Amino acid sequence: MHIKVERISKTFGRFEAVKDVSFEIADGRLVGILGPSGGGKTTILRMLAGLETPDSGTIYFDGHPVNDVPPQKRGIGFVFQNYALFRHMTVFDNIAFGLVVQRRKKEEIRERVARFIELTALNGLENRLPHQLSGGQRQRVAFARALAPEPKLLLLDEPFAAIDAKVRKELRTWLKNTIRAVGVTTIFVTHDQEEAVEVADEMIVVHQGRVEQQGAPIDIYQRPQSPFVASFIGETTVLDNIPSLRGFESAAGFERAIIRPEFVEVGTEREIKLPGASNRGKVRNVFFRGMHWQVDVQVGDSILSAYRSAELPPLRPDDDVFVLVHRLYAFEHGRCTVLENAAKTDPMPVSI
Amino acid sequence: MKVKEKSILPGFGITMGITLLYLSVIVLIPLSALLIKASGAGWGQFWSTLSDARVLASFRVSLSTSLAAAAVNMVFGFVVAWVLVRYSFPGKRWIDGIIDLPFALPTAVAGISLTALYSQNGWIGRFLEPLGVKVAYTPIGITVALIFIGLPFVVRTVQPVLQELQKDIEEAAVSLGASRWLTFRRVLLPELIPPLLTGFTLALSRSIGEYGSVVFISGNMPMRTEIVPLLIMTKLEQYDYTGAAVVATAMLVLSFLLLLVINVLQWHTHRRFTSK
Amino acid sequence: MDMAGTVAKSGFAAAEARPRHLTEPPLVRWMLIGIALVFLALVLLLPLTTVIAEALAKGVQTYLAAVTEPDALSAIRLTLLVAAIAVPLNTVFGVAAAWAIAKFKFSGRNVLVTLIDLPFAVSPVISGLIFVLLFGAQGWFGPWLEAAGIKIIFALPGIVLATVFVTFPFVARELLPVMQAQGSEEEEAAAGMGAGGWRIFFRITLPNIKWGLLYGIILCNARAMGEFGAVSVVSGHIRGLTNTIPLHVEILYNEYQFTASFAVASLLVLLALMTLIAKNVMEWKQQQVTQRMREEVETDAH
């Protein structure tokens, strides 16, 4: 199902949850709406479901406006954050509920439910009650229940929020594969950017009720269009005074820059190969991150975060180091430009 | 008898002491007097007292009217609870406050005012009389009084459960296409049946032993509108202490059975919905 | 009817307008509201107004005369006296029992709680009967009491005993959930600092439970003054001597002095209404106290 959202807004009391949001989603896509808590993304999801009504704007399913269509008739499947399983019904009856509503024949219901039990690996649990299931099992029941009636749009509200971290990764992969297999247009909401990046074909970043950016995860990651998107995705440092950095002296007229730690190299005099393109700095803090070190180093008035391979000898606070900024994202009036360190290509670097 | 975990708070000794002393003097000793008196009758007399026609009739009257009243309260009490939790309308706060009136109003007052209402010249009685419906001095009158007594039990057990119900299961049902009626029938009602049953049983239990509000409107005709508490009273006045004790014991057993049912209901519900 | 149970809920705040897909069509809604209101009017409001109407049926003078007539006055005096003895006794018990059960762990707690709930399961007539069996002329202690010239049944002590039996759970039942909801942290902290039992109770526990305590006392009092069945059994119905207000109402009614009966009954109605109002106020205030305590614990935890 093709979704088009045109300038929808929603206010609760005096709180503007959603402000003038528009986007389009092609049929069959797996889209993640990403944003911090309270940013409006769940409200958008609920408006798509019909559980909330937009104060203004229109929602189109396959070209038809659905603002006045009640949730029952929209052909959606919804997976709630806390699953909302019917606790007095067995797993089987929960999954069968939507089919019973559709008045399908008993045989058909039995067959379909069995298929989804198989698909969601819930075999043997058909007659259990929800309180007898683990968190992950309940989530799968919620999922199967939403999918069994063949919805044209699947909506998931923070599907992994209540799951243990260990189980989460497996479930994510499983979810992505299962949705692919079923082939239904899916929109999920999350505040976990790692999750969004891993699971979604396409991402919509929402902040304070507005859409910041829409695109494939890699585009959002490599070409953030606003300071918020750039800082929300991945670890970042924000810098106001770009020309203070070596290699970026001629970068004027930008409001601020976002620097990703993976593009900052920090090391001793011997380790840095391009001292002319580097700044002098002092290590402030060192954090072990398993796969690498995160080194917070003070350059001039700013503290930059840098990643350093765990293979290299560790640095310590108060060490004097060289800091080479390879690339940064500079913002001016909402437009983002990727700037490379100019001094890196200078054939005659001058070191201080 | 009682083993206490070590606690740094003082006062266990004295508070337990007061509690146990009080309970013994006020509750345990008097109740055992009852049981001993009743057992003093010996099995033979015990059963013959209970199987006396008048006694059986009084149990029949008490039970049938209590069941009917509790059933009526179950239905209408549910509507009242639903309306108080789910809808807003002018005066709702006041109405909610007045639900507890039967708890606060002395039973004798309820008794005389209900009788006044439903007797031939009463505000309601005068409408029903031409229709051939007699309320005062009939089992129907008893039932009406018991409806008054039992109302808060159903409303107050259903209200909190209804209040706590999360929106999301209703939204889930709706997202799966269910109509309002289906959502109510298959998703909401099952959650409300346990408190309904509890309220029903509580109202029933209270009604069976009710005296003050019934004794005026019933007319107290033996075999027809005589309730068990009144029978006990009558036996006492005739100095048939043993007879009174026997009937009282039978009533107590009945009340405790009902209490047991209530506890089992609540335990069962707890088990069905929570993992241990 | 406990207060801590309502602590977590805000009552009416939740009944905002529900979206269309989560509520019944307007027609159904108004029908249900109508049914509920008619039912409540029939069952609750009419009896209430009947008392007032009948009491004033023959005018205010007759009303006042009925209420100030000597037998009525002695009934009022007796009722007040009984309450003045029974309620404090039950309060002491209630506080002691609630403290023992809420603040300590011991086996047999459930048995104790069930015992405290006992009077609710027992018919009022039986509540009176048991004391007659103990202290009546043919009771266990009957002969001994007669020899000593002590009258319990058909006299004040009997009425007090029966009243105490019927009303003793009220204070305990109100305090128990409140104290349980509030936990023992504050008391334990004070004990750790060396405070003695009385000090802990009066300076720490009492302020936190005062509304629940008041509520329990008010309920206990209302029930004590209004108790009919149990007192009817033990009192002997001696006019001017052993009649409480409810018994006096019965006597007047049985003598066909309807207006006078309702007039005296209206005093109890007044009491009931005041109890209801107090209930709502206290419940609300206790909710606030316990809620505040919970919030303080939460913010401390962060």
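How far apart do the C-alpha centres of domain 1 and domain 2 of chain C lie? They lie 32 Å apart. The model is predicted, and local features need pLDDT of at least 70, side-chain atom pairs count only at pLDDT 80 or more, and totals for chains, interfaces and linings use all residues. Residues are numbered from 1 along each chain as its sequence is written, while chains are lettered from A and ligands numbered from 1 in the order in which they are written.

In chain C, domain 1 covers 18-55 and domain 2 covers 58-301, with bounds from an automatic or database domain assignment. Five residues of domain 1 and eight residues of domain 2 make up their contact, where two residues are in contact if their C-beta atoms, placed from the backbone, lie within 7 Å. On the domain 1 side, four residues are nonpolar, none is polar and one is charged (Ala, Val, Leu, Ile, Met, Phe, Trp, Tyr, Cys and Pro count as nonpolar, Asp, Glu, Lys and Arg as charged, and the others, Gly among them, as polar).

The contact between chains B and C takes 82 residues from each of them. Helix H1 (residues 12-39) of chain B supplies the largest share of the chain B side, 14 residues (helices are DSSP runs of H or I, at least four residues, and strands runs of E, at least two, numbered from the N terminus). That side comprises 58 nonpolar, 13 polar and 11 charged residues.

Chain A holds an open, mixed sheet of six strands, ordered S6-S7-S8-S3-S9-S10; strands pair if DSSP finds at least two bridges between them. Strands S6 (76-79) and S10 (210-215) of chain A each have a single partner strand, so one side of each lacks a neighbour in the sheet.
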